[in-house]
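Visitor: I am new here and would like a tour. Could you show me what we will be looking at?

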Amino acid sequence: MPADHRQHLQYGFILHSRPYRDTSSLLEIFTRDGGRVSLVARGVRGSRARNSARLEAFVPLLFSWAGRGELRTMTAVESAGGVFTLPGSRIISGFYMNELILRLLHRDDPHPELFVCYERALQALLDESRPQEAVLRRYERELLDELGYGLQLMEDAHSGEPLHADSQYCYHPEQGPIQQPDRQQADYPLISGRTLLAIRDNDYRDPQILREAKILMRFLLSQHLDNRPLKSRELYWQSRDL
Amino acid sequence: MSFSPLINQLIEALRCLPGVGPKSAQRMAFYLLDREREGGRHLANTLLEAIEKVGHCEQCRNLSETPVCQLCASDSRDRSLLCIVETPADVHAIAQATEYKGLFFVLMGHLSPLDGIGPLDIGLDKLGERLDSGEISEVILATNATVEGEATAHYIAEMAARREGINVSRIAQGVPMGGELEYVNSSTLSRAFLERHRL
């Protein structure tokens with residue numbers, strides 16, 4: 001019989017919540033010490049619900065739960081203090097970050113370091129003066145690192161030479177960057193050395209670098225998403241011309 | 001204990017109503033059969049008729065049995081104001097509580113990409129056409145104060161901003177009337193503070 005996973009006041013965020021029956025919700029949460037957990041939260045919706053905390057994504061919460069198996073029962077929840085009210089223009093990026101975790105992390109697999117990155121990225125999204133693409137690129141790199149698919153940004157995977165800013169590389173998903181002297185036959189994205197070094201240093205001030213970094217991250221993430229596209233990306237941009 | 005098949009079927013059918021579990025469904029079934037046969041017949045006929053005839057208004061997407069609902073067809077409303085809400089219940093709530101004299105647009109939901117609900121699912125193509133008509137001078141965003149509601153409001157605000165001559169406003173958020181500060185959640189209080197107004 002699996003152990004009873006009783007947990008008390010675990011710090012975390014809601015990634016996604018779905019209505020369940022009349023007054024309950026099914027929550028997917030990301031906690032600092034427990035990783036991704038699925039909870040059923042009873043009696044939290046409707047006019048008679050009495051929650052002191054806002055049960056929503058991007059709100060720091062303390063969750064208590066009990067139960068065996070995949071779906072636990074939330075026994076209590078309270079606000080962890082602090083407010084992460086994402087501006088309207090940033091919410092979709094938050095959804096995207098949440099979807100990546102839902103798609104790439106297994107349940108009950110703690111990733112405390114990724115949690116720190118997640119929290120820092122949310123914090124950065126709050127500030128509308130910071131370009132959100134740069135925040136997302138950094139978060140994607142950290143996520144890949146944490147999952148064990150980290151980028152190789154030090155040297156040419158074939159020659160072992162350090163990366164040169166003015167060389168052109170073909171990024172092999174398993175091996176890493178391979179110098180590509182002539183611009184022919186590239187099975188994988190062609191990325192400049194300058195961009196690879198900038199990704200390493202989290203320096204996204206140059207729009208050209210941001211563009212290339214996006215192509216590379218999109219390619220690398222797709223390797224782990226089993227060809228099922230991310231909904232937050234697709235649906236939101238599907239009809240920008242409405 | 002099991003009842004005759006038709007009674008069981010009725011109990012099962014009643015359970016599609018929100019908040020009705022097996023016990024209440026059983027009570028309702030017996031009440032209708034035992035004491036309120038006429039009322040039951042009336043309920044059944046009305047229900048059938050409503051389900052056959054009620055569709056969505058061509059203009060505001062609200063539930064309506066005519067192609068254009070009464071509110072949209074009325075000539076006493078201010079046609080330059082458009083209030084955007086998530087559900088028909090919201091239209092009713094605003095109509096009851098406020099002096100609002102403009103028109104409505106009902107999304108029948110909100111953007112929720114992780115659930116696969118995108119702009120087209122909540123009729124934003126139709127809303128775009130409406131905004132293009134040149135009739136509207138102000139869009140009032142009255143979606144819920146949830147993250148999905150905010151994301152939806154932002155998306156529509158951007159749509160309106162791409163068209164000239166349309167002002168966009170968002171309903172105010174803050175401490176509820178009769179609310180004591182101590183019991184208001186911290187996000188609401190911080191929003192109320194940020195958006196305080198001069199007296």
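Visitor: Is A:Arg138 buried, partly exposed or exposed?
Guide: Keep in mind that this is a predicted model. The relative accessible area of A:Arg138 is 30%. Buried needs under 20% and exposed needs over 50%, so A:Arg138 is partly exposed.

Visitor: Which residue forms a salt bridge with A:Arg138?
Guide: Look along helix 3 of chain A, residues 132-146, for a residue about one helical turn from A:Arg138, four residues apart. The closest N and O atoms of the pair are 3.1 Å apart, and the partner is A:Glu142.

Visitor: Which residue forms a salt bridge with A:Asp108?
Guide: A:Asp108 is partly exposed at 36% relative accessibility, and it lies in the loop between helix 1 and helix 2 of chain A. Its partner sits in strand 5 (residues 71-79) of chain A, so the pair ties together parts that are 36 residues apart in sequence. With the closest N and O atoms 2.8 Å apart, the partner is A:Arg72.

Visitor: How many salt bridges are there between chain B and chain A?
Guide: Over all chains the count comes to 18 salt bridges. One of them joins B:Arg41 and B:Glu38, three residues apart in helix 3 (residues 37-53) of chain B. Between chain B and chain A, however, the count is zero.

Visitor: What area is buried between chain B and chain A?
Guide: The contact takes 31 residues from chain B and 29 residues from chain A. B:Pro113, B:Leu114 and B:Val147 supply 29% of the area that chain B buries against chain A, more than any other three residues. Carbon and sulfur atoms give 61% of the total, which is about 2400 Å².

Visitor: Which residue of chain B is in contact with A:Asn98?
Guide: A:Asn98 belongs to helix 1 (residues 91-104) of chain A, and it is buried, with a relative accessible area of 0%. Leaving aside neighbours within four places in sequence, its contacts include A:Ile14, A:Phe58 and A:Tyr118 from chain A. From chain B, the contact is B:Leu114.

Visitor: Are the rings of A:Phe13 and A:Tyr118 stacked or edge-to-face?
Guide: The structure holds eleven aromatic pairs over all chains. In this one the ring centres are 5.5 Å apart and the planes stand at 65 degrees. Planes over 60 degrees apart meet the cut-off, so the pair is edge-to-face.

Visitor: How many residues apart are A:Phe13 and A:Tyr118?
Guide: A:Phe13 is buried, at 0% relative accessible area, and A:Tyr118 is buried at 0% too. Ring pairs link both into a cluster with A:Tyr11, A:Phe30, A:Phe115 and A:Tyr139. A:Phe13 lies in strand 1 (residues 7-20) of chain A and A:Tyr118 in helix 2 (residues 112-126), so the pair links distant parts of the chain, and the two are 105 residues apart.

Visitor: What distance separates the centres of domain 1 and domain 2 of chain B?
Guide: Chain B is divided into domain 1, residues 5-53, and domain 2, residues 63-198. Taken over C-alpha atoms, their centres are separated by 35 Å.

Visitor: Which UniProt annotation covers residues 57-72 of chain B?
Guide: The end C-alpha atoms of this span lie 8 Å apart, and the span is 19% helix and 12% strand. The annotation comes from an unreviewed UniProt entry and reads "zinc finger region: C4-type".

How values were computed:
Residues are numbered from 1 along each chain as its sequence is written. Chains are lettered from A and ligands numbered from 1 in the order in which they are written. This is a predicted model: local features need pLDDT of at least 70, side-chain atom pairs count only at pLDDT 80 or more; totals for chains, interfaces and linings use all residues. Side-chain values use heavy atoms; hydrogens and water are left out. Domain bounds come from an automatic or database domain assignment. UniProt positions are given in the numbering used here, feature names are shortened, and annotations may be inferred rather than shown by experiment. Rings of Phe, Tyr and Trp (its six-membered ring) pair if their centres lie within 6.5 Å; planes under 30 degrees apart count as stacked, over 60 as edge-to-face and the rest as tilted. Buried means under 20% relative accessible area, exposed over 50%, partly exposed in between (1.4 Å probe, protein chains only). Contact means heavy atoms within 4.5 Å. Buried area is the accessible area (1.4 Å probe) that two parts lose on being put together, summed over both. A salt bridge is a side-chain nitrogen of Lys or Arg within 4 Å of a carboxyl oxygen of Asp or Glu.
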